[in-house]
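Here is a short report on one structure. Start with the sequence and the model shown below.

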Amino acid sequence: MIRLLFLLHRYLGIAVGALMAMWCLSGLVMMYVSYPALDGRTRLAHLTPINWGHCCRISGSILGDTDPVPPFRVEMLGGRPVLNLQLRPESAALIDLSTGARIDQVSATQAASVAAAYTPVPSRAGAARIPGASGITRRAPRLIDQLDFDQWTLEGISPAQRPLYHFDLHDSRGGELYVSSSTGRAVQLTTRWQRFWNWLGAVPHWLYFADLRHHVWLWSQVVIYTSLIGCFLAATGLYIGVRQLICSPRERWSPYRGFNLWHHISGLLFGLFALTWVLSGLLSMNPWGLMEGGGAGAERAQLRGAPISGMELRAALQNLAAAAPADAVSIESASLAGKLFVIASRADGRRRRLDAYGAATRLSSADRRFIAASLHGEAEGMQLLRQGDAYYFSFPGDPVELPVWRVLTRDGTGRRYYVDPVSGTLIAAVDRGSEHYRWWHDALHRMDFAALVRGRPQWDVLMWLLMSGATVICVTGTYLGYRRLAQ
C-alpha cells in the first residue's frame, strides 16, 4: 500500500507540481499587484460637473408617469446630462436629459469624449481640443477596437454594459480605457505596468486566460479539479514525509540526500501550510455550494421600499436642476422606505445626501430606526465603525469604505450588516456562508487571522517565509519527479 502511495505522489507531482510552483510564485506577485479595476473614486475624478442648464426632460413614451423607476444615475456624456436606468443586470436604458430621447447606443465619438478625460495634460503638437475643458489641450485617445471581452474585462462588468469601446490613452504609463457602448461609463482602466505584472500574477494564479475564463463553468471546473489534485498531492506528501521521519534509522533523522533531502525538509516544515493554502484556494471557488451565502437582495429591496414613479422622478429631476448642486459630477438614487433620496458626488469623492427637492438631508434617527428594523436589529445596537472588524476590513490592495454603521440581527441568524452612513444603503452583509469563507479562505490563504497579522511589513515577512517554503517543496518535488521520469 505504501509503495502505491509513493508512486501516486510521484506521478501527481509530475502532473501538477509545476502548476503548484507557478501558483506559489504568482501568489507572491499578487501581494503587490492586484487584477486591474477602475475604482469609483478614480472614475469620479475624471467626470465633468453636471450641466443643469440643459436638464431635465424625459419622453413619456420612454417612462410613463405611473411606471416604476429602477435605480438610476445622472452624469454627463459628450457634453450632455444623461440618465442611466438600471432595468435589470442584463439591460439598461440611457436617456439624453437635454432632449428626453432614448440613446440606443453610445457612439464612438461620445465614448471618446469619456476617454479624453483620462488622457494626459499638456499634450504634444497636434492634440485635439476637448469641448468644455476650459481651454485645456489633450491628445485625443485612439480607438483600438470594439469588443465584448478581452483579458482585462472578464469580471465586474455586467452584460448590460457590453460591448465595450477600447481606447489607447497615449500616456507615459501605457494607459488603456474601456467604455461601455450602452451606458457611456468607463468600466476598466489598465496600465502597461499592471498588464505586465498580471501576466506573472493574477492571470496564471487564477488560470485567468481569457478564452478559458470566458466559459465560466468550464473555467471553474478546471480550477476546482486541479486544486483537488493539488490538495491530494500535498496531503500524501505530508503523510509520506512524517512517516519517513518516524521510520528513519536512529542515526539518521532523514533517509534522503541531495534534492530529496531538501524536498523532505521543506515538506516537514511547510507541508501543512502548503496543504491548507491549496485547500483554501479550492474553497475560494465555493465548490458544490459548500459556502454558499444567501445574498442580500431582499434586504436591499426592503430598505428601498416601494419604487418611485416616473412622475416622481421627473419632479425630482426638475427640483435638482433648480437647486443645481454645486460641483456634482454624479447623482445616484438612494431611495429609503419608499422615499426618493439621491447622493450627489463631487470629483474629489465628497458626497451629500439630497431629498427629492434638492435639499441636503442627513440620515435621521427615524431613518436609523427603520434601517435597523428592516434588518431585524435594534437602532440602539447600531454601531458606527471607524475601523474595520473581523468581517469588514481593509486588506493590502483591497480597501473598504469607512466609516459604516454595523447592524447585528436579533433574530437568531447571526447575520450582520454594514450600512453606508451617508446614503443608508446596504454595503455588505455577512451570513454563515460569508463567515465560513472569511475563515476558510481569507484566514488560511492570506494568513489573515487578525488586524495585527495583516498589517505591513509583518504580513509581507510572514507570507514571504511561508510562500518561499511552499515554493521549495513544489520546485524540488517537480524536479525529482521529472528526473525520475527521464531515467
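## Two helices in contact

Two helices meet here. From H7, the residues in contact (heavy atoms within 4.5 Å) are Ile 224, Ser 227, Leu 228, Gly 230, Cys 231, Ala 234, Ala 235, Leu 238, Gly 241, Val 242, Gln 244 and Leu 245. From H8, they are His 264, Gly 267, Leu 268, Gly 271, Leu 272, Ala 274, Leu 275, Val 278, Leu 279 and Leu 282. By class, this contact has 15 nonpolar, seven polar and no charged residues. Ala, Val, Leu, Ile, Met, Phe, Trp, Tyr, Cys and Pro count as nonpolar, Asp, Glu, Lys and Arg as charged, and the others, Gly among them, as polar.

## How the helices pack

H7 spans residues 216–247 and H8 residues 259–283. Their packing angle is about 155°, and their axes lie 9 Å apart. Axes are lines fitted to C-alpha atoms, for helices over the stretch in contact, and angles run from 0 to 180 degrees between N-to-C directions. H7 and H8 are therefore roughly antiparallel (angles over 145 degrees) to each other.

## An open sheet

Four strands make an open sheet, ordered E13-E14-E15-E16, with antiparallel pairing. Strands pair if DSSP finds at least two bridges between them. Helices (H or I, at least four residues) and strands (E, at least two) are DSSP runs, numbered from the N terminus. At the edges sit E13 (383–385) and E16 (426–430), each pairing on one side only. E15 (residues 416–419) pairs with E16 over four bridges. Val 419 has Leu 426 in E16 as its bridge partner.

## About the model

This model is predicted: local features need pLDDT of at least 70, side-chain atom pairs count only at pLDDT 80 or more, and totals for chains, interfaces and linings use all residues. Residues are numbered from 1 along each chain as its sequence is written, and side-chain values use heavy atoms, leaving out hydrogens and water.

Methods: Angles under 35 degrees count as roughly parallel, over 145 as roughly antiparallel, 65 to 115 as roughly perpendicular and the rest as oblique.
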